[in-house]
Every structure is written in structure tokens, then in C-alpha cells.
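Me: I would like to learn how to read a few features of a protein model. Please take them one at a time.

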Amino acid sequence: MPLAEISDPKNDFNLNLPRYIDASEPEDIQDVAGHLRGGIPVRDLEALAPYWQVFPGVREVLFKEMRPGYSDLRVPAGDITTTIFGHAEFGAWSALTKKLYARWRGESAPGLRAIAKGDKPKLLIEELSEALLATFGKAKLVDPYDVYQHLLDYWSEAMQDDVYLVAGDGWREAAKPRQIVDDKDKKSKEKPDFTVGKLKFKAELLPPALVIARDFAADQAAIDALESEASAVAQAIEELAEEHGGEDGVLAEAKNDKDKLTKASVSARLKEVKDDVDAADERKLLGDYLALVEKEAALSAKAGAAREALTAKVAARYGKLTEEE
């Protein structure tokens, strides 16, 4: 804001912001002829001039003259978005915008990898954000300060904590999980990232999921397969209970006093009918149910043991990470 405007007698050096910034909403002008006879006022389309300067062909594809001063759509309203996104002019603009971001990212990455103990995080974010503003300064249809705000939001929400960790302790030390120590009087409410035995750990810089994805993907895939199989067996148990556990179902007598089929109630019922010659069908279903329960328990136990083994591997891996890793 020029000093001349502030010193003008009407403002008299008053720095009250509303004097200089119009925060009122623009008036919504209604076009009566458009409402009555249909059509899109051309003046409304002209208000989008910055877009037509970049996408002149898109305007031609979307609109046609209806009558003097009014236009109509060439495409169904539901196809507007796909028409724009599929147009060559939009594709070229999108590619150029992404190229700007890729350039900034490429120029910034070496500096981020080079963060060292003793560096100044505030100086780092200042350099990153100023470079981002400069990169998008001449971008079409993109407000560089909107992009700038995205970076600052991410910095505030997550990135600054990581940078301060590295600048304070160095990469290797910052990556080591921190043990959560419970107070003598009460347990910590902090949620651990993983647990080894009774020890709880928080991995603040490098989440376990990243270590697993990089070094133990096969182990995780095997656990996922076991859990998926256990889930399928649990579904089979539920379907068996629904099909035969109704009021008149074969397994109705196997329910407990809470009207539920359980391993204990089914086992007890199987003992009751083991010598009943008329209960062959029931015995088979009871056996099938118990077999499924045992299978689910075995799969869950196997998955649990595998998870514990993987957690131990991950915990050990943290101590062997190099700075480059």
C-alpha cells in the first residue's frame, strides 16, 4: 500500500485495515430475461475472462450463442467437468503446472536431504517457501500464495516436527524409536507405534510402516494373507450360525443362555447328543462349527505370532539404519 494513500487527508495515517480492504461480498446481480427466457448471460461468461485467456478453445466447446447477449451449453451439464478435463488446452496447462512443482521439488530435495545437526529449521522453511513463491509467481490461474499456504500448513502439521528432530539430533538418532515411560501413578496416554514385550515405543521420524514397506514387505504380505483367511473363516462361522441357529434350526439347542453359539455351548451340546442315533445331522453341524472355530483360532494365533516376530525385526532394524537409509 503506497504511503500517499495512508497519508491522504481522508485516511490521516489511520492504519485501520477496513479503510483499505473491501471485505464486502459482491452483489449477486439477477438477470430477469435469463430467468424468463433461458440462457446464460454473456456478461457472466466474460467475468471468467482469465480462464478463457488460457483455455479459449474450451469456451468454444462448452458454449454456443443462443440469442444476442445470451449463450447456451453445447454439452449436457453433467459432462462439463469431463469435457474440460479432457480438453487439450487443459491438459497442457495441467502438465505445465505440474512441471513447475516438479522443478521446485527437484531443486529443494538436495537441501532437505542435507539437513544436519545444528541447522536452523526456520531458515529452511523460509528458503523453501520463498523458492515456491518464486516458482509459481508467473503460473497461470494459480495463486502462488495458495500454493505457499499449502506448504506452510504441511510444515505446521507435520514437517516442522521432523526437521526439528533432525536438526536437534541428526538423522540416525532422530530416527531411533523413543521408549514411552509410564508415570508411577498413571499410564501414559500416548499411543505407541509398536510394542516389544512390555516396552512401548514411539517412532516419531520414521514410522514402522515405512520400514516394513521397504525391508519386510514379504513378512507383512504373509500376515495379511493369514488375517484374510481368518476373516473368511469367521464369516463362515457367522453364516453357519445364521443358517442353522434360528429358533427352529438344527443348532438351536446348542445356544447358551444368552442365545449365542459359542465353542463351549457347542461342545457341551455335542456331548449331549454323541450317542443319539437321531442326531446325526446335528452332530455333523456341531462338528463343522467346532472345526471352523479351531481353524480361526489357529490362524489368528499364527498371525499374532508372525506380527510379534515382524515387530521384533523392525525394532532391530531401527538400530542398524544408516544415515543414507
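Reply: Start with the pocket lining: helix 7 (88-113), helix 8, helix 9 (144-169) and helix 10 (171-175) each give at least two residues to the lining of the largest pocket. Helices (H or I, at least four residues) and strands (E, at least two) are DSSP runs, numbered from the N terminus. This is a predicted model, in which local features need pLDDT of at least 70 and side-chain atom pairs count only at pLDDT 80 or more, while totals for chains, interfaces and linings use all residues. Residues are numbered from 1 along each chain as its sequence is written, and side-chain values use heavy atoms, with hydrogens and water left out.

Me: Which helix supplies the largest share of the lining of the largest pocket?
Reply: Helix 9 does, with eight residues.

Me: How is a pocket found, and how much space lies in the largest pocket?
Reply: Rolling a probe the size of a water molecule over the atoms shows where empty space is left. On a 1 Å grid over the protein atoms alone, a pocket is an open set of points where a 1.4 Å probe fits, with protein on both sides within 12 Å along at least five of seven lines; lining residues have an atom within 4 Å of a point. Grid points are joined across faces, edges and corners, and the volume is the space filled by probe spheres set on the points. Here the largest pocket holds about 1,200 Å³. It has 31 lining residues, and Leu112, Arg113, Ile115, Met159 and Trp171 are the closest to its centre.

Me: How do the residues of that lining divide?
Reply: There are 21 nonpolar, three polar and seven charged residues in the lining of the largest pocket. Ala, Val, Leu, Ile, Met, Phe, Trp, Tyr, Cys and Pro count as nonpolar, Asp, Glu, Lys and Arg as charged, and the others, Gly among them, as polar.

Me: Is Ser129 buried or exposed?
Reply: Buried means under 20% relative accessible area, exposed over 50%, and partly exposed in between (1.4 Å probe, protein chains only). Ser129, in helix 8 (residues 121-135), counts as buried because its relative accessibility is 4%. Ser108 in helix 7 is buried too, at 9%.

Me: In what order do the three strands form the open sheet?
Reply: Strands of a sheet pair through backbone hydrogen bonds, either parallel or antiparallel. Two strands pair if DSSP finds at least two bridges between them. In this model the order is 1-3-2, with antiparallel pairing. Strand 1 (40-41) and strand 2 (63-67) are the edge strands, each pairing on one side only. Two bridges link strand 1 to strand 3 (residues 70-73), and Pro41 stands opposite Tyr70. Four bridges join strand 2 to strand 3, with Lys64 partnered by Asp72.

Me: Which residue in the hairpin turn has a positive phi?
Reply: Gly69 does, at about 85°, in the turn of two residues between strand 2 and strand 3.
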